[in-house]
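Dear colleague,

I am passing a structure on to you, and I would be glad if you would look through it alongside the notes that follow.

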Amino acid sequence: MFGDTITAVSTAIGEAGIGIIRVSGDDALEIVSKIFRPKDQERFSSGIGFRIYLGQIFDPSANFLVDEVLVTVMRGPKSFTGEDVIEINCHGGLIAEQSILKLLLKSGARLAEPGEFTKRAFVNGRMDLSQAEAVIDLIRAKTSLSASSALEQLRGRLSEQIKDTRLILLEVIAQIEAAVDFPEEDLEVETTESLRYKLSQVIKLGEKLLNGAQRGKIIRDGLNTAIIGRPNVGKSSLLNALLREDRAIVTDIPGTTRDVIEEYINVRGIPLKLIDTAGIRETQDLVEQLGVDRALIVLGNADLVLFVIEAGRDINEEERLLLSKIPSERLILVVNKIDLSTSLPIKVAAPIFYVSALERVGIEELEEAIVKQVTGDKLADTPVISNVRHIVALENAISKVKEAFESLENGVPPDLISIDIRHAWQLLGEISGDTVGEDILDEIFSRFCIGK
C-alpha cells in the first residue's frame, strides 16, 4: 500500500555490542544490495527470505569499507510491517550506525517517521490499532506486570473482546433492519425480546472491561502514593524503608522535610511513585508553610494515601479532619514507631498496619496491602485496559448502548434506536482502528520512536 521504502536506526543511541538499522518497503532488497557485499552473493541476490547473511557494508562512491555486518531478510507479507523488511546488524556505536543509515538514504530509502514501521504493520493488516498501541506500552513498561499487560494486548486479547462485542451490535442492527424491511412478517415482538438480551449482553461485557480500567492505568503509569502526616511521625523514615535506602533526611526536629520528595520503586510488579511530603501543621515559618501547601495538593491528587501516625500518641483535630476527607478505598493508615508503643489511638474504615520504619518491621506486609489495593485478591481474567483513548471510547459506546436499552424499555420502536447502536458500533471500532480517522492515527504513531 506504500510506494516508498523507509529506513531508520532501531536501537538506542550510544555504545553497544550491536546496532540495528531497519529497512521496509518493496525496494528494500534492491536498496540494501547497492551497499552490501555478502559472502554468499548468489543466495542473497535470489532474495531468499528468513535468512541471515554475513557480509560487509561498502560506500560505493569511494569503495570504502564501513563495517562487517549480518543482514536479515524477511519477505512480506510474513514480516513485522507486512512488506519486505531487511535488518542490518552492525557494530553498535554512533559512527557505524549513522554511516550505514546515510548510505541507505543515498541509495533510495527515505527516513522513517516516528512509529512508521508499526503504522505500516497496522495499515497492512498485520495487527489492529489496539495491538499497535500495545507495542509502545511494551517498550515503555516499567515493571514485569506492566510489560505482561502490554504483551496480552499485543497478543490480541482486547481485540478479541472488542471484535465479539461489535459482532453482537452488528447482529442487533441486522435484526432491526429485517424488522423494518419485512413488516408483513410481524417480527417486532420477537425482535424486541432478542434486542433486550443482546444489548444487556453488550453492557455486561463493556462494564466488565471498564471495571479493570483504573487498575490497568495504574499498572501502566504507576500509582501516585502520598505519604501524609504531621511532623515527626516518621514519614521520611517510611520512605527510606520502602526504598531500602536513606533517601530522605531523618532527624528528631519537627519540620525537617519542607518540600516534596518523589521516588519510583517497583513493588511486586506495580510501579509506585512515592511522594514524601512536609508534615502538616499550623506554622509561622513561610518556607515550611509552602511545604504544607504542597503536601495538601499532593494529597488531593494521590491514587493512594499512606497516612502516618505515631503509635501511643493522640490524634489531633487537624488529622481527624484530613482523615475524614480521604476516601477509605484510597487510604491506608500506617501506625509507625511500634518499637516504642503498640497502642492504637483511632479506628478508621481503612486497612491499618503497624510498622517500625526505622527497624524495617512490617514493611513487607504494608507492600502486600498496597499491591492488593491495586489488583484485588488476584488479577482479573479479562483484558486490562490501560489506554485512556480506549477507556473513553468504551465508556461512550456503553453509554450509547444503555440509552438504546432504556429507549427500548420505554416502548420506543426498534428502528428508532438504531442510531445509538450504530454510534456505539463505530466507537468500538475506534479502539480496533476499523473506524478511526487519519488524524487520530497520526497522533497515536507520533508518540513512537523513529525506529519502531
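**Loops and backbone**

Pro77 lies in the loop between β5 (64-74) and β6 (85-91), where helices (H or I, at least four residues) and strands (E, at least two) are DSSP runs numbered from the N terminus. A cis peptide bond joins Gly76 to Pro77, with omega at about 5°. Please keep in mind that this is a predicted model, in which local features need pLDDT of at least 70 and side-chain atom pairs count only at pLDDT 80 or more, while totals for chains, interfaces and linings use all residues. Residues are numbered from 1 along each chain as its sequence is written, and side-chain values use heavy atoms, with hydrogens and water left out.

Positive phi values also turn up in residues other than glycine. Lys337, in the loop between β12 (331-336) and β13 (352-354), has phi near 65°, and this lysine is buried, with a relative accessible area of 19%; buried means under 20% relative accessible area, exposed over 50%, and partly exposed in between, with a 1.4 Å probe and protein chains only. Arg360, placed in the loop between β13 and α13 (363-375), has phi near 60° and is partly exposed, with a relative accessible area of 39%. Lys39, in the loop between β3 (36-38) and α2 (41-45), is exposed at 63% relative accessible area; from Lys39 to Gly55 the C-alpha to C-alpha distance is 5.3 Å, although the two are 16 residues apart in sequence.

**Helices**

Nine of the nine residues of α10 (residues 235-243) are buried, so this helix is largely enclosed by the rest of the structure. Among them are Lys235, Asn240 and Leu243, and the helix is followed by Arg244, whose phi is positive, near 60°.

Two packed helices are described by the angle between their axes and the distance between the axes. The axes of α5 (residues 129-140) and α6 come within 8 Å and cross at roughly 155°, the axes being lines fitted to C-alpha atoms, for helices over the stretch in contact, with angles running from 0 to 180 degrees between N-to-C directions. α5 and α6 are therefore roughly antiparallel to each other, given that angles under 35 degrees count as roughly parallel, over 145 as roughly antiparallel, 65 to 115 as roughly perpendicular and the rest as oblique. The crossing of α5 and α6 is left-handed, meaning that the near helix is turned anticlockwise from the far one by less than a right angle. For α14 (residues 388-409) and α15 (residues 414-432), the packing angle is about 165° and the axes are 8 Å apart. That makes α14 roughly antiparallel to α15, and their crossing is left-handed.

**Cavities**

There are three cavities of 30 Å³ or more, a cavity being a set of points, on a 1 Å grid over the protein atoms alone, where a 1.4 Å probe fits but cannot get out. The largest cavity has a volume of about 40 Å³, the space filled by probe spheres set on the points, which are joined across faces, edges and corners. Its lining residues, those with an atom within 4 Å of a point, include Asp137, Gln153, Arg220 and Ser386. The elements that give two or more residues to this lining are α6 (144-154) and α9 (213-221), and α6 gives the most, with four. The lining of the largest cavity divides into two nonpolar, five polar and two charged residues.

With best wishes

Key
1 Å grid on protein atoms, 1.4 Å probe; cavity = no way out; pocket = protein on both sides within 12 Å on 5 of 7 lines; lining within 4 Å. Nonpolar A, V, L, I, M, F, W, Y, C, P; charged D, E, K, R; others polar.
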